[in-house]
Amino acid sequence: MTHTPTLHDVYRARALIEPLILQTPLLASADLAEKTGAQTVHLKLECLQNTGAFKIRGAANKILSLGDEEKKKGVITFSTGNHGKAVAYVAGKIGIRAVVCLSEHVAPYRVAAIRKLGAEVSVKGHSQDEAEKNYQDLTAAEGLVPVVPFDDPLIIAGQGTIALEILATLPDTDVLLIPISGGGLLSGIAVAAKSINPGIHIVGISLEQSPAMLESLKAGRPVQVEEKDSIADSLLGGIGFDNRYTFAMLEKFTDEHLLISENEIKDGLFYVFDKHRLVVEGAAAVGVGALMHQKIDVKGKRVVALLSGSSIDSGDYIRIIQSRFSNGSKQ
Ligand SMILES: *Cc1c(COP(=O)(O)O)cnc(C)c1O
């Protein structure tokens with residue numbers, strides 16, 4: 001598939017991936033509605049999704065769409081995080097070969113998690129760039145089929161199935177809050193949601209630390225930004241100089257952009273634990289952080305914030321919760 005995905009592609013994705021994914025709940029947050037003056041606020045709980053993040057939706061749509069010859073060859077990717085896990089999981093489920101290329105700096109627990117799902121792990125290189133070189137070499141040498149993390153129409157259509165679930169339950173949603181990294185998530189959700197209701201307001205949230213997509217949109221072409229560490233590590237990384245889909249889709253579909261700071265993310269993460277007893281990763285807490293800090297006017301609106309995943313090191317998580325607790329910044 002090489003065209004920009006449409007609502008029809010998202011419906012097809014939904015039918016295809018249905019056996020592998022959970023239809024995640026929508027949880028009402030009366031407290032957030034009260035704090036912000038919104039009519040309602042709901043949290044879409046992709047933190048409870050199989051493999052710990054929504055990425056399985058895109059990965060499943062891409063891999064299940066491959067022809068028999070391609071499936072026989074096997075798939076390859078070089079993501080360290082949720083996408084790598086999702087590819088490993090889906091390949092394992094349908095019994096095909098998967099290779100995940102990682103750099104030597106990837107945390108051992110991540111390597112172990114990917115191996116446990118049945119994928120081969122190729123650890124090579126000291127940087128993400130060197131890992132990517134290894135990925136290109138292996139792809140060519142072994143004839144493996146690349147499954148990229150965001151800039152692919154089938155990946156985008158898979159992520160878009162989230163919008164179908166939200167609008168089936170809450171058809172009058174006014175505002176959707178969505179984290180942005182490579183933009184596959186926002187592209188898919190926006191194309192589906194706006195095809196169903198063109199008036200829906202799509203808000204993209206980028207990291208102050210590394211707003212690669214936002215800077216690219218401002219520049220009118222993909223640019224690289226200096227990368228700093230972030231508590232929302234799933235949102236780090238560039239959008240690719242040869243970006244074919246997500247850059248143009250974000251330009252077309254995003255109604256509003258917000259930047260979020262590390263402290264605001266931590267406030268969101270603590271809030272979700274304290275009020276809702278849910279564990280989420282930094283990337284998933286950006287929408288709640290933005291609402292708590294009144295970074296967007298949602299008065300009288302029906303709002304849905306996407307909690308995109310829950311992959312976070314337990315030690316890091318406990319330290320954040322503990323520090324928020326002892327600082328007295330309890331909500
Ligand atoms: C990948 C990811 C995102 C961002 O998705 P993109 O398609 O790269 O914009 C957000 N949250 C989590 C948990 C992710 O793993």
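A polar side-chain atom of S308 sits 2.7 Å from a nitrogen atom of the ligand. This is a predicted model, where local features need pLDDT of at least 70, side-chain atom pairs count only at pLDDT 80 or more, and totals for chains, interfaces and linings use all residues. Residues are numbered from 1 along each chain as its sequence is written, and side-chain values use heavy atoms, leaving out hydrogens and water.

The polar contacts in the table are pairs of N or O atoms within 3.5 Å.

| Residue | Protein atom | Ligand atom | Distance |
|---|---|---|---|
| S308 | polar side-chain atom | nitrogen | 2.7 Å |
| G183 | polar backbone atom | oxygen | 2.7 Å |
| G182 | polar backbone atom | oxygen | 2.9 Å |

The protein covers 97% of the 380 Å² of accessible area that the ligand has on its own (Shrake-Rupley method, 1.4 Å probe). Around the ligand are 16 residues (a heavy atom within 4 Å). K55, N82, G183, L185 and S308 come nearest. By class, this shell has 6 nonpolar, 8 polar and 2 charged residues. Gly counts as polar here; Asp, Glu, Lys and Arg count as charged; Ala, Val, Leu, Ile, Met, Phe, Trp, Tyr, Cys and Pro count as nonpolar.

Now the second largest pocket. Its volume is about 240 Å³, taken as the space filled by probe spheres set on the grid points, which are joined across faces, edges and corners. A pocket is an open set of points on a 1 Å grid, fitting a 1.4 Å probe, with protein on both sides within 12 Å along at least five of seven lines; lining residues have an atom within 4 Å of a point. This pocket has 14 lining residues, with R110, S230, I231, D233 and D316 nearest its centre. Its lining has 5 nonpolar, 3 polar and 6 charged residues.

Technical notes:
Polar contact = N/O pair within 3.5 Å; in protein donor to acceptor, adjacent residues only side chain to side chain.
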